[in-house]
Amino acid sequence: MSSTLVKIVPREYRDSVSLMQLSAMLGKLPGIEQASAVMATENNLALLAEAGLRVDAKGASASDLLIVVQGEKSALPAAIDEAMKSLTRQTEDSGGEARTALRPRSIQMALKATPEANMALISTPGDYAAAEAMKALRLGLNVMLFSNNVSEPEELLLKQFARDADLIVMGPDCGTAIINGTPLAFANVVKRGPIGVVGASGTGLQQVTVLVDRLGSGISQAIGTGGRDLHRDIGAISMLKGLKDLAADPATQVIVLISKPPAAEVAERVLAEAAKAGKPVVVNFLGTDPKQVGRKGVHAVKTLEDAARAAVAIARGEKPRNSYAEGASSPSGLPRFAKTQRYVRGLYSGGTFCYEATLLLGELLGDVHSNTPTPGTTELADVWQSRQHTLVDLGDDVFTRGRPHPMIDYRLRTERIAREAEDAETAVILLDVVLGYGSHMDPSSELVPAIHRARATASAHGCPIAFVGQICGTAADPQDFTRQARALSEAGMLLAESNAQAVRLAAGIASTLSRPAAQRSRKA
Amino acid sequence: MVPCPDPVTDIGRGRLADSVGALVPTRARARVHSVFARACNLETDCGEMVTLLASGCGSNPRGIRYASRDDLLPLRLRPGQAAVLQDMALRIPATDVVVNFSRAAVWKGTVAASSPAWHQLRDLFELVRSHAPTQGFAPALFASGNSRSPFQRAMIARIAQTLPKLARATETRDARTVVAALRSLVGLGDGLTPAGDDFIVGYLAALSSRAYHERGLAALLRALAVPVAQLSRHTHAISRQMLLDALQGHFAERVTEVVRCLGGSEVAGAASRLMAVGHTSGADMLCGLLFGFAPVLTAKLLVGGASGNVVGETAHAPVLAC
C-alpha cells in the first residue's frame, strides 16, 4: 500500500521549468510512484486529490510551493530531502558569480568578436531561421541550419544564394556534422582520417562515421545536407557542393555519399559528378539497387554498414566487397517463446535507422508495418499501435510535438517498450541507442529499468521477450561506450555491431518463430 | 548603511529603461518578491506588483524594462530587499540597482479591436497544435502528448468539463455561469503562473478585443470585474496581479501583438513569440485567446482532445476545413 508525504515550502516562487523538472526528478526516485511540485492553490489541491494524491496541506496558501510524493513509505522522506536539496542547489546556481562577458546578440556581433569564423550554426524557431541563415550567408559564412520548419522554397533560395557565393547550407533540419574534427549538434567523437562523408541523413552520418572509427580509420569531414536536399526541386545543391569540397580536400582520400532514395534525375546528376571526383566514391542511396547506382569510380552499397566497411577497405588500398552481410548466427540463451509470440517490434530514435531496418526486415520477413514505410512494406495505420512486425521512428513529428527528441528523452520509448511487453505477439524488441554529443548522457539508466520491467510483465504472461539492439557510439563519446554496452548486455540485450546486423539478428530470431508450430517441433 | 543614490542625478550612472508600464506607480516603497533570470518581481507596500524585466522581454503593464541588460542574475537581487520607486526611477539600494525610466516609452497594454472569422484563426490553431508543450491547456485541446501524470490527467478532465460550460455562458453573456466556470480554472495547474490563470488572461484579452464591436461582451466584461477580482484571491500574488490587470483591460505586449496581427501574415511570428513566454504560460494564454475569440468552436475540439485522439481528427479536420 502506498503512502503520501507532503512538504509545504512557504512563499517559494520557482520558474515553471524548475518546478516541472523537480516533479520529473522526484518521480524517478526509487520507491516513488508519482510526485508533484505545484503552487498550493485551492484548485491544485483539489486536482491532487482527484489524481489520487491524498494531501493534507492545512495552512498552505496559494503563495506556497507544495511538494507531494507518493510511493513506498520508507522512500518518501528521502525524496522530500532530495527535493529540498534540489531547490537549494538551484538557488546557489542562480546566485553564482556574475557573468561579465558580453554575449553577442546578432550574427554580426559574433563575427566581429570572432572574425576568423567562416560558419554559423543556426538553431532558432523555424519562422526566423531562414532570415538568420540569409544574414549569415550575406556575411560570407557557411551555414549549418539545425532548425526545421523552413519551407522548401526558402531552402532553395538559401541554397542557390550559397551556391552562387561558393558557400554551403547544411540543412535545414541538419542534425549532424563533423567539421574539422569538431562534432556539431548530434554527432560522435571520432578519429580524424581519410574518409569524407556527405549525408542527407543525420543518423546515417552517425552510423557511418562511428563504424569508420571502430574499424580503425577516421573522418576528414562529415557534412550534413538536410533531408530534402536530394528532392527534385532542390537538386542536391548542398551534396554537390560537399562532394566538390571533399574532392578538393587533400585530407580526404575516399568520399561517402548517403541518402534515402533521391529523385531519379537528381541521383543521376550526383552520380555523374561523383564519377568525375577524381577520388573513389562510395554511395549508399538506401532503398535503391546498388547495381543501378554503381559505375566507374563509384562503388554502390546497400547498407550504412557496408558503406563504412567499403570506404575503409578502399582507404587501405583493398578491394571493397559488394556486401559485407553475413548470416546471423543463432544467439545462445534465448528464452522459450510462447506460441503466440511471432513478431519484431522496432522502437527507433533514429529516422534513418528505422528506414534501413524497414527495408531489411521487409526483405527478410515480410508483413512489416512502419511509419516510415519502404516499397513492399505497409504504412502503420495507427502509429501508437503495433501490428505484426512493426518498426516505428519515434523521432517523427507526430511523437515529438512539444517534447524533446527521443535521443534526448527516453520516456516515449520506455513507455512504448512497456506497451509492447504487454502484447502476447511480441517476441523481439529491437532498439537503437545513439550516443555522442546532443544525445542522452546515460541511456542505459533509462533503458535497463525499462527492460527489466518489460521482462517482468512479459514473463508474468508467459511470453518472455528478447531484446536486440545496437549502440551507435564510439569509445570517445561522453557517455562512456563501454559502460553503456556492459549495462545493456547485463540487462540481457543482444548487442550487434551495426543497425543492419541488429535487424538481421532480430529477423533470425523471428523467422524461427514464424514457422508453424508443428514444423518447429519436427525440426527440434 | 548603503547610501541611496539620487536617481535624477544618477542618469549617467544608473541604467536606462526603454519601456515602462502605465500601471507602474510613480511613488512607492516595495520589496523584492521573487527573482528569475529575466524578471524580478517587486511587491509594493500596497500589495501591487511591479516587474523589472531584462531587455528583450515584451513590455508589460507593470514592467520596467532594462534597455540593455539581458540577464538579471548578476545583479544579486534577493527576495526581501527593499526597493523605492520615486522620481521616475527604481532603486534597490542593497544592490546599487538604479533604473531610470524617465525616458522610457509607456506601455498601456490595451488590445486592438478584432473580430476574426474562424478561418483567420485556423493557422493559429495549427501552430498551437504543432508546437505547444505537452503540459498546460494545449494537450486538453489537441490531445498532444500521450504520457500524462495522474495530475495532468485530472487537469485535462477538469478543463474538458469546464470549457464547454464557459463557451456557452460566454456566448449567452451569462456572467454568473462564466464566473462559476472561471472559479474552477483559477490557480489550476502546474507552473509558476498556473495554466488556468494564463488561460483566463488570454480569454479576457479576446473578450476585450471583441467588446469593441459587441456591446453585450462589454457588459459581460463589466459584470465580471468584481467577482473575478474576488476569484483572483485563490491564486498567488504574481498571477493575481496579472488577472486584475487583465480585468482592467491591460495586457502584456506579447498578447496584444497576437491580437493586432490576427488575420495578417505576421500572426504566426507573433504567436511564436507569445508561445516562447515561460514554459507553458505563453501557449496557455494563446489557447485562452483562441477560446475567447471562438468559444464554441474551440470547446468542440475537446471532443477529440478528451477522448484521446492523436490529433483530434474527429473535431479538428472538419473544423479546419471551414
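**View 1. Surroundings of B:Arg62 in the predicted model.** Leaving out residues up to four places away in sequence, B:Arg62 touches B:Gly21, B:Leu23, B:Val24, B:Glu48, B:Met49, B:Val50, B:Thr51, B:Gln241 and B:Asp245; contact means heavy atoms within 4.5 Å. B:Arg62 is buried, at 7% relative accessible area (buried: under 20%, 1.4 Å probe, protein chains only). The B:Arg62 side chain comes to 3.3 Å from the backbone oxygen of B:Leu23. This is a predicted model, in which local features need pLDDT of at least 70 and side-chain atom pairs pLDDT 80 or more, while totals for chains, interfaces and linings use all residues. Residues are numbered from 1 along each chain as written, chains are lettered from A and ligands numbered from 1 in written order, and side-chain values use heavy atoms, without hydrogens and water.

**View 2. Strand S5 of chain B and its partners.** The loop holding B:Arg62 runs between strand S4 (49-53) and strand S5 (63-66) of chain B; strands are DSSP runs of E, at least two residues, numbered from the N terminus. S5(B) pairs with S4(B) in the parallel sense over three bridges, and with S1(B) (residues 15-21) in the antiparallel sense over three bridges (pairing requires at least two DSSP bridges). B:Thr51 lies opposite B:Gly63, and B:Ser19 opposite B:Arg65. B:Gly63 and B:Arg65 point one way from S5(B), B:Ile64 and B:Tyr66 the other, and all are buried.

**View 3. Nonpolar cores.** The largest core has 81 residues, with B:Leu166 and B:Leu289 making the most contacts inside it. A separate second core of 55 residues includes A:Ile195, A:Val282, A:Val301 and A:Cys472. A core joins buried Ala, Val, Leu, Ile, Met, Phe, Trp, Tyr and Cys residues through side-chain atoms within 4.5 Å.

Methods: Helix = DSSP H or I, 4+ residues; strand = E, 2+ residues; numbered from the N terminus. Buried < 20%, exposed > 50% of the residue type's maximum accessible area, 1.4 Å probe, protein only. Polar contact = N/O pair within 3.5 Å; in protein donor to acceptor, adjacent residues only side chain to side chain.
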